[in-house]
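Student: Can we go through this one by asking where each label comes from? I'd like to see the cut-offs behind the words.

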Amino acid sequence: MAAKSQICSVWLGSETGILKGVSLTKKQAFNFCEMSCMSRDQEVCVMAWGDPHESEVLVGSVNGTVKTFSTDKGIFTATRECGDPSQGRFTGLAVTDSSMITCVESGLLKVWKEGSTETAEVNVGNGVCRMQQNQSQRHRVATGGKENPLKVWDLERPDKPIFTAKNVAHDWLDMRVPVWVRDIGFIPDSDKIVTCTGHHQVCVYDPSTPQRRPVLEAQFGEYPLTALSLPASQGTVVVGNSHGELAILDLRKGLVCGCLKGLAGAVRGLQCHPSLPLVASCGLDRFLRVHSLEDRSLQHKVYLKSRLNCVLLSSRELESSNADVSGDVEEVKAEEEEDEVWDTMETVTEKSKKRAAQKDKATATGVDGEKKRKLIKKKVM
């Protein structure tokens with residue numbers, strides 16, 4: 001339980017356009033938004049840190065705007081038009097030392113240079129479901145989607161991808177398996193990349209080798225995988241699917257190491273702590289959950305009222321004094337002890353007693369009936 005206090009706060013984006021901050025140490029949650037214009041057009045679909053110090057959160061909305069939220073001041077400080085809603089939702093958001101990177105479903109990837117109105121545009125192909133940045137080489141990103149295979153791009157030379165994956169082999173009926181990349185992760189300290197698909201596959205690619213097909217392919221469950229994240233300890237990946245199932249997979253053998261229980265809706269956001277064996281998840285059941293990857297126990301559980309799309313872990317404490325500065329902040333109740341309330345409730349046994357009485361009566365009736373049958377038999381004889 002020592003690791004429990006290491007995550008001070010969690011930031012989440014919701015379908016209603018609210019940026020939510022949760023202080024796990026103080027067991028409080030706050031809503032940050034402009035309540036007067038809250039709507040589905042403001043739905044948060046991507047989030048990213050604006051700087052290494054975690055003082056800014058970039059929030060990408062369905063309407064094509066990217067807002068900058070200051071975690072120090074507790075308010076939104078800037079808004080930028082970075083997309084056209086007709087081109088689809090944001091599928092990725094990232095920053096480098098001097099620019100911001102956005103990608104939408106239509107495949108239009110843009111690099112927004114700081115202090116300039118000019119942008120560099122790259123067409124990465126239609127049907128993009130995910131754009132992910134390589135944290136060790138921040139000028140490289142990976143993209144993939146529906147009938148759009150995994151591609152790795154060097155934004156310093158964006159003319160063509162430096163790696164394009166080849167589809168998995170045909171199935172046992174010798175039929176082509178459709179391409180549907182749902183999420184992507186760069187494995188630290190290596191050139192390997194892991195993806196999860198809408199066909200419940202987990203694939204590992206190695207661009208450093210001539211092989212373009214996956215070097216490892218595994219499957220989990222029967223439903224589409226929606227999110228993945230890589231734990232601090234290498235060799236495993238955490239994946240979630242559209243039926244609220246979370247699992248830890250071994251990337252060396254392709255086997256399931258264990259499952260994380262408690263979810264009741266599709267997983268949309270998933271992030272492992274960079275140094276601790278912890279993973280945070282959120283989704284359609286409106287709960288933020290933090291699990292331990294060592295014993296797979298539930299460390300935190302907070303009900304946040306809105307369906308959630310994305311999650312960011314922070315080592316900085318969320319100050320309630322900052323929240324009070326803005327009139328658009330509403331404190332909500334954290335329900336982390338909900339399970340404890342149920343555990344302390346008295347068990348009702350009235351129904352079981354009633355069933356036992358009925359059973360005794362039926363037994364007695366059966367005995368009386370047997371006596372009557374014996375008497376009748378004696379009279380006849």
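Student: What makes Ser229 count as buried?

Tutor: Buried means under 20% relative accessible area, exposed over 50%, and partly exposed in between (1.4 Å probe, protein chains only). Ser229 has 10% relative accessibility, so it counts as buried.

Student: Where does Ser229 sit, and which residues does Ser229 touch?

Tutor: Ser229 belongs to strand 20 (residues 225–229); strands (E, at least two residues) are DSSP runs, numbered from the N terminus. Contact means heavy atoms within 4.5 Å. Leaving out residues up to four places away in sequence, Ser229 touches Val237, Val238, Leu270, Gln271 and Cys272. Its C-alpha atom is 9.3 Å from that of Gly269, 40 residues apart along the chain.

Student: Why is strand 10 called largely enclosed?

Tutor: Of the 6 residues of strand 10 (residues 108–113), 5 are buried, so the rest of the structure largely encloses it.

Student: How do you know that strand 9 and strand 10 pair?

Tutor: Two strands pair if DSSP finds at least two bridges between them. Strand 9 and strand 10 have 5 bridges and run antiparallel. Ser99 stands opposite Lys113 in strand 10. Their hairpin has 3 residues between the strands, and Gly107 takes a positive phi near 100° there.

Student: What joins strand 10 to strand 11?

Tutor: Again 5 bridges, in the antiparallel sense, with strand 11 covering residues 119–123. Lys110 has Glu121 in strand 11 as its bridge partner. This hairpin has 5 residues between the strands, and Gly115 takes a positive phi near 75°.

Student: How much confidence does the predictor have in the chain?

Tutor: pLDDT is the predictor's confidence in each residue, from 0 to 100. The protein chain has a mean of 85, and 81% of its residues reach 70 or more. Over residues 1–5 the pLDDT is below 50, with 6 contacts in the model beyond near neighbours in sequence. Residues 323–330 also stay under 50, with 19 contacts beyond four places in sequence. Where pLDDT is low, the predicted coordinates should not be read in detail.

Terms used. Residues are numbered from 1 along each chain as its sequence is written. This is a predicted model: local features need pLDDT of at least 70, side-chain atom pairs count only at pLDDT 80 or more; totals for chains, interfaces and linings use all residues. Side-chain values use heavy atoms; hydrogens and water are left out. Helices (H or I, at least four residues) and strands (E, at least two) are DSSP runs, numbered from the N terminus.
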